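The tour moves from one selection to the next.

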Amino acid sequence: MTVHTVTMKGRSEPIPVGKIICMGRNYVAHIEELNNEPPGAPMFFIKPATAMAPLEEPIRIPSYSKKARHELELALIMGKPLFQASEEEVYPAIAGYAVAVDVTLQDVQDRLKEKGHPWEIAKGFNGACPISEFVPASAVSDPQDLMITMRVNGEQRHNDSTKLMIYKIPQIVAAASQYFTLEIGDIVLTGTPAGVGPLEPGDKLEMEIAQVGAYNSSVAE
Ligand code: ZN
């Protein structure tokens with residue numbers, strides 16, 4: 001079996017990743033830009049570890065989509081397992097943070113949603129989770145006070161603080177742990193702020209989460 005891994009600054013051993021739990025609809029302005037309803041409770045979906053790709057590598061949009069979209073999100077990685085955890089148990093269990101893109105095939109997702117079908121192939125395909133190196137949690141002073149910014153071909157897309165999350169990190173992780181055991185090396189994506197937009201072949205991407213990292217990438221031609 002192939003093991004998919006991420007790296008952490010200052011650690012020589014790569015970290016094996018089990019699953020990637022993603023939070024949907026966690027910023028009010030983003031819910032509004034997609035004309036969605038606010039969730040009554042945290043809303044989760046999962047990407048397989050095979051969806052990961054290095055953030056610096058060009059993003060590959062599968063040929064079955066003509067309308068891909070970027071969502072730039074703060075990612076965290078578990079350093080301790082949690083199951084049915086309380087909110088107080090969450091921060092001590094987080095090992096680090098990274099910059100991740102939740103690449104979404106909007107046309108494919110819309111089509112499947114309309115039919116009431118599962119939409120994994122719109123968000124879980126190979127390359128659907130470009131992710132940076134992690135920084136240790138100790139390097140981030142307050143993960144709930146970080147600017148998330150993204151520019152595409154010099155044009156501003158995301159530019160908001162993690163302060164604006166509806167469900168904060170302890171709530172997200174505690175809620176996810178009610179359903180899924182979070183194992184060491186599992187990753188959680190905390191939702192996208194407003195400013196999502198299309199990804200077109202040849203686009204140049206500049207992405208930054210304060211204290212976590214600044215990265216450049218592109219969309220493959
Ligand atoms: Zn997302």
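This is a predicted model. Now widen the selection to residues 147-152, which are strand E12, and residues 155-161, which are strand E13. The two strands run antiparallel and are joined by five bridges. Together E12 and E13 make a hairpin, with two residues between them. In that turn, click on Asn 153, whose phi is positive, at about 50 degrees.

Next, select the zinc ion. Which residues coordinate the zinc ion? They are Glu 71 and Glu 73, each through OE, and Asp 102 through OD, at 2.0 to 2.1 Å. Along the sequence, the spacing of these donor residues is E-x1-E-x28-D. Glu 71 sits in the loop between strands E6 (68-70) and E7 (72-78), while Asp 102 sits in the loop between strands E8 (94-101) and E9 (104-105), so the pair ties together parts 31 residues apart in sequence.

Last, go to Asp 186, in the loop between helix H5 (169-179) and strand E14 (187-189). Is Asp 186 buried or exposed? Its relative accessibility is 0%, so Asp 186 counts as buried. Show its side chain: a polar atom there lies 2.8 Å from the backbone nitrogen of Glu 183. Leaving aside residues up to four places away in sequence, Asp 186 touches Gly 18, Lys 19, Leu 76, Ile 77, Met 78 and Thr 181.

Terms used: Residues numbered from 1 in each chain as written. Predicted model: local features only at pLDDT ≥ 70, side-chain atom pairs only at ≥ 80, totals over all residues. Heavy atoms only, no water. Pairing = 2+ DSSP bridges. Helix = DSSP H or I, 4+ residues; strand = E, 2+ residues; numbered from the N terminus. Donors = N, O, S within 2.8 Å, 3.2 Å for Na, K, Ca; no water. Buried < 20%, exposed > 50% of the residue type's maximum accessible area, 1.4 Å probe, protein only. Polar contact = N/O pair within 3.5 Å; in protein donor to acceptor, adjacent residues only side chain to side chain. Contact = heavy atoms within 4.5 Å.
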